[in-house]
Amino acid sequence: MTETLHLPEQPWRNPRPAPQLGDVRPHILELPAVRWLLAWWPALLWASVIFCMSTDTFSSEHTGSIIEPILRWIYPATTAEQFAFIHHLIRKAAHFTEYFIFALLLFRGVHCGRTGWRWSWGLLALFVAAVYSALDEIHQAFVASRTASPYDSLLDSVGAFAAMVFLFLWFGRQRRGTAGASP
């Protein structure tokens, strides 16, 4: 004899079954917070790298102790004056490059998966990079082994501007390529 178990009615329970992970997963990426995080995490990570590079660890004295042995291994006849000049160039190229990359990542965040180029997106990315550059120099003013320089901030902003010019040309080339491909 088979006996069925009869549970009492529970009106507070939802009669619909709980969704399975496979049903929910595609919708997670549609959430605004998740889309925002996916678009902006590289720029936020790079901003923290820039902040770390503004500390004592990456001061001129410390980077010189790393670059000098490498340079002397490549070219042993380097004089102190030549090394100082090359070290200066490497540090300024690092300023330009880190903000070039930062501006590209900022544009990626502003762009947020949309297509094409918009001046407002490029100008916003450039503005954020320039402001962060100024704040970075203010931060360096409070680090004993670093010096704040408006010229470094200008160089950072030039790197960000170069990135926006690169993106403008890149998207313009893509637009011309797709326009020429259609019949």
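# Notebook: a helical model

**Entry 1. Helix α2.** I began with the length of α2, which has 22 residues and at 1.5 Å a residue should span 32 Å. I found its end C-alpha atoms 31 Å apart, which agrees. I note here that the model is a predicted one.

I then looked for a bend in α2. There is one of about 50° at Trp40, and a proline, Pro42, follows within four residues. I listed the buried residues of α2 next: Ala39, Trp40, Pro42, Ala43, Ala47 and Ile50. What do the buried residues of α2 pack against? I find that they pack against α4 and α5.

**Entry 2. The whole chain.** I went on to the secondary structure, which comes to six helices and zero strands. Read from the N terminus, the elements run α-α-α-α-α-α. The protein has 183 residues, and I note that 28% of them count as buried. I also looked up how far apart in sequence the contacts reach. Among contacts between residues at least 6 apart in sequence, 68% join residues at least 24 apart.

**Entry 3. The nonpolar core.** In soluble globular proteins, nonpolar side chains tend to be buried together. I looked for such a group here, and the largest nonpolar core has 22 residues. Those with the most contacts inside this core are Phe102, Leu106, Phe107 and Met164. Four helices each supply at least two residues of the core: α2 (32-53), α4 (80-111), α5 (119-141) and α6 (150-181). Which helix gives the largest share of this core? I find that α4 does, with seven residues.

Leaving aside residues up to four places away in sequence, Met164 touches Ala103, Leu104, Phe107, Trp117, Gly122, Ala125 and Leu126. One of these, Phe107, is itself on the list of residues with the most contacts inside the core.

**Entry 4. Salt bridges.** Side chains of opposite charge can pair when their charged atoms come close. I looked for such pairs, and the count comes to two salt bridges.

One of them joins Arg72 and Glu68, with the closest N and O atoms 3.1 Å apart. Both residues lie in helix α3 (residues 60-74), four residues apart, which is about one turn of the helix. Arg72 is partly exposed, with a relative accessible area of 28%. Glu68 also counts as partly exposed, at 28% relative accessibility.

The side chains of Lys92 and Asp152 meet in another salt bridge, at 2.5 Å from N to O. This pair links distant parts of the chain, with Lys92 in helix α4 and Asp152 in helix α6, 60 residues apart.

**Entry 5. Cysteines.** A disulfide is a covalent bond between the sulfur atoms of two cysteines. How many disulfides does the count come to? I find zero. I still looked up the exposure of two cysteines. Cys52 counts as partly exposed, at 41% relative accessibility. Cys112 counts as partly exposed as well, at 25%.

Methods:
Residues numbered from 1 in each chain as written. Predicted model: local features only at pLDDT ≥ 70, side-chain atom pairs only at ≥ 80, totals over all residues. Heavy atoms only, no water. Core = buried A, V, L, I, M, F, W, Y, C linked by side-chain atoms within 4.5 Å. Buried < 20%, exposed > 50% of the residue type's maximum accessible area, 1.4 Å probe, protein only. Contact = heavy atoms within 4.5 Å. Disulfide = S-S within 2.5 Å. Expected span 1.5 Å × (residues − 1). Bend = angle between axes of the 7 residues up to and from the residue. Salt bridge = Lys/Arg side-chain N within 4 Å of Asp/Glu carboxyl O.
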